[in-house]
Amino acid sequence: MIKIEAIVKPFRVAEVQEALSAIGIQGMTIVEVKGFGRQKGHVEIYRGAEYQVNFVPKVLVMVVVPDTIVESAIEAIQKAAYTGKIGDGKIFISKIEDAMRIRTKEMGVEAL
């Protein structure tokens with residue numbers, strides 16, 4: 001099993017969810033996060049005054065998938081999150097040793 005964590009622009013989350021659902025992924029977790037990368041924040045205007053926003057709002061999407069669909073899941077996320085502009089995000093891939101569904105005690109891929 002593989003955990004895929006993708007940091008994406010908030011307005012692309014619906015597209016990412018649809019893309020993952022289309023390849024058979026039934027669940028995902030999202031967390032609203034803030035951060036910066038190469039874009040280094042941005043300037044906003046509030047009541048006529050400019051101020052620097054150092055941390056840009058993003059969404060962290062987490063899914064755990066069987067090894068057999070890792071590549072298609074990564075490709076689906078990349079295509080759905082892509083805008084072609086700086087700040088599109090990143091995808092991180094990690095191995096998961098095991099998983100358990102609390103209610104049924106199912107283990108491994110069956111727990112997903």
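1. A pocket here is an open set of points on a 1 Å grid over the protein atoms alone, with protein on both sides within 12 Å along at least five of seven lines. Its lining residues have an atom within 4 Å of a point. A volume is the space filled by probe spheres set on the points, which are joined across faces, edges and corners.

2. This is a predicted model: local features need pLDDT of at least 70, side-chain atom pairs count only at pLDDT 80 or more, and totals for chains, interfaces and linings use all residues. Residues are numbered from 1 along each chain as its sequence is written, and side-chain values use heavy atoms, without hydrogens and water.

3. The second largest pocket holds about 280 Å³ of space. It is lined by 15 residues; Ile 25, Gln 26, Gly 27, Val 64 and Leu 112 are the closest to its centre. Strand 5 gives the largest share of this lining, four residues. By class, the lining has 10 nonpolar, four polar (Gly counts here) and one charged residues.

4. The protein chain has two helices and six strands. These are DSSP runs, H or I of at least four residues for helices and E of at least two for strands, numbered from the N terminus. Along the sequence the pattern reads β-α-β-β-β-β-α-β.

5. Four strands make an open, antiparallel sheet in the order 2-5-1-6. Pairing requires at least two DSSP bridges between two strands. Strand 2 (29-35) and strand 6 (89-95) are the edges, each pairing on one side only. Neighbouring strands are turned by 20° on average, direction ignored.

6. Strand 1 (residues 2-8) pairs with strand 6 over seven bridges, in the antiparallel sense. Ile 7 has Lys 90 of strand 6 as its bridge partner.

7. Helix 1 (residues 13-22) packs on the sheet and touches strand 1, strand 2 and strand 5 (56-65). Its direction makes about 10° with that of strand 5. Helix 2 (residues 70-81) also packs there, touching strand 1, strand 5 and strand 6, at about 5° to strand 1. Contact means heavy atoms within 4.5 Å. Axes are lines fitted to C-alpha atoms, for helices over the stretch in contact; angles run from 0 to 180 degrees between N-to-C directions.

Notes: 1 Å grid on protein atoms, 1.4 Å probe; cavity = no way out; pocket = protein on both sides within 12 Å on 5 of 7 lines; lining within 4 Å.
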